[in-house]
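This report describes selected local features of one protein model. It covers residue contacts, aromatic pairs, a pocket and backbone angles.

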Amino acid sequence: MTIVYAEEKLKDCLEEMKPILRLHYEEIAMYKDKIPLDPDYSKYFLLEEEGIFHAVTVRDEGKLIGYFLSLVTPSIHYSQTVYAVNDILYVHPDYRLSGVGQEMFRFAEEKLKEKGADVIAIHMKTALPFDSLCKGMGYDYAERNYTKYIGD
């Protein structure tokens, strides 16, 4: 097992990421009967070109096994503070509880700090929590979010 953490451009790893995004969606998505997986990749590419979207990947022997994808921008509420708001993060189930997640967090933190981030905000589904990882990495429990499907 040779684990490599890297910054990558979405355009360079998207095709390899798509099957993992599907696994991720199946594992954690709410309202799957109403909301299909349908990322707007063109918007991601635009955000990447503007330096807002940031991708960290994890590979084992070259095979993609995880990612930590964030949006990095000054906060609307605190304009002098740059927030890295995690869009999605995932580690393949075969690699969970192996330390890969912790190292991915450490690597992402280092790279996001280099990009000027002051704060990292992580969110997670309550059905698949990883609170112990966040707490162990020094994150503060900060907010609660609720969702309600109101579409047709």
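Leaving out residues up to four places away in sequence, Ser70 touches Ile52, Phe53, His54, Val85, Asn86, Asp87 and Leu112. The model is a predicted one. Ser70 belongs to strand S3, and its relative accessibility of 0% lies under the 20% cut-off, so Ser70 counts as buried.

Val85 lies in strand S4, which covers residues 82-91. With a relative accessible area of 38%, Val85 is partly exposed. Neighbours within four places in sequence aside, Val85 is in contact with Leu69, Ser70, Leu71 and Ala121. From Val85 to Arg106 the C-alpha to C-alpha distance is 15 Å, at a separation of 21 residues in sequence.

**Aromatic pairs**

The search of the whole structure gives 7 aromatic pairs. One of them joins Tyr44 and Phe53: the ring centres are 5.2 Å apart and the planes stand at 80°, so this pair is edge-to-face. The cut-off for that class is over 60 degrees between the planes. Phe53 is buried because its relative accessibility is 4%, while Tyr44 is partly exposed because its value is 21%.

Phe105 and Tyr139 also form an edge-to-face pair, with 5.7 Å from centre to centre and 85° between the planes. This pair links distant parts of the chain, 34 residues apart: Phe105 is in helix H3 (residues 100-114), and Tyr139 is in the segment after helix H4 (131-136). Phe105 and Tyr139 are both buried. The two pairs are set out here.

| Pair | Centre to centre | Angle between planes | Class |
|---|---|---|---|
| Tyr44 and Phe53 | 5.2 Å | 80° | edge-to-face |
| Phe105 and Tyr139 | 5.7 Å | 85° | edge-to-face |

Which residues do ring pairs link into a cluster with Phe105? The cluster consists of Phe68, Phe105 and Tyr139. Phe105 and Phe68 are 37 residues apart in sequence, and their C-alpha atoms are 7.8 Å apart in space. Phe105 has a relative accessibility of 0%, so this residue counts as buried. Beyond four places in sequence, Phe105 touches Phe68, Leu89, Ile122, Phe130, Leu133, Cys134, Met137 and Tyr139. That list includes both of the other cluster members, Phe68 and Tyr139.

A ring also takes part in a contact with a charge. The charged end of Lys34 sits over the ring of Tyr149, at 5.5 Å from the ring centre.

**The second largest pocket**

The second largest pocket holds about 170 Å³ of space. Two elements each give two or more residues to the lining of this pocket, helix H1 (10-28) and strand S3 (63-74). The lining residues are Glu16, Pro19, Ile20, Lys63, Leu64, Ile65, His92, Asp94 and Tyr95. By class, the lining has 5 nonpolar residues, 1 polar residue and 3 charged residues. Strand S3, one of the two elements named for the lining, is also the strand in which Ser70 is found.

**Loops and backbone angles**

Most residues other than glycine have a negative phi.

Is Leu97 buried or exposed? Leu97 counts as exposed because its relative accessibility is 93%, where the cut-off for exposed is over 50%.

Lys32 also lies in the loop between H1 and helix H2 (41-49). At 36% relative accessibility, Lys32 counts as partly exposed. Setting aside residues up to four places away in sequence, Lys32 touches Tyr25 and Glu26. Lys32 and Arg144 are 112 residues apart in sequence, with 22 Å between their C-alpha atoms.

Note on methods:
Residues are numbered from 1 along each chain as its sequence is written. This is a predicted model: local features need pLDDT of at least 70, side-chain atom pairs count only at pLDDT 80 or more; totals for chains, interfaces and linings use all residues. Side-chain values use heavy atoms; hydrogens and water are left out. On a 1 Å grid over the protein atoms alone, a cavity is a set of points where a 1.4 Å probe fits but cannot get out, and a pocket is an open set with protein on both sides within 12 Å along at least five of seven lines; lining residues have an atom within 4 Å of a point. Grid points are joined across faces, edges and corners, and a volume is the space filled by probe spheres set on the points. Helices (H or I, at least four residues) and strands (E, at least two) are DSSP runs, numbered from the N terminus. Ala, Val, Leu, Ile, Met, Phe, Trp, Tyr, Cys and Pro count as nonpolar, Asp, Glu, Lys and Arg as charged, and the others, Gly among them, as polar. Buried means under 20% relative accessible area, exposed over 50%, partly exposed in between (1.4 Å probe, protein chains only). Contact means heavy atoms within 4.5 Å. Rings of Phe, Tyr and Trp (its six-membered ring) pair if their centres lie within 6.5 Å; planes under 30 degrees apart count as stacked, over 60 as edge-to-face and the rest as tilted. A charge sits over a ring if NZ of Lys or CZ of Arg is within 6 Å of the ring centre and within 35 degrees of the ring normal.
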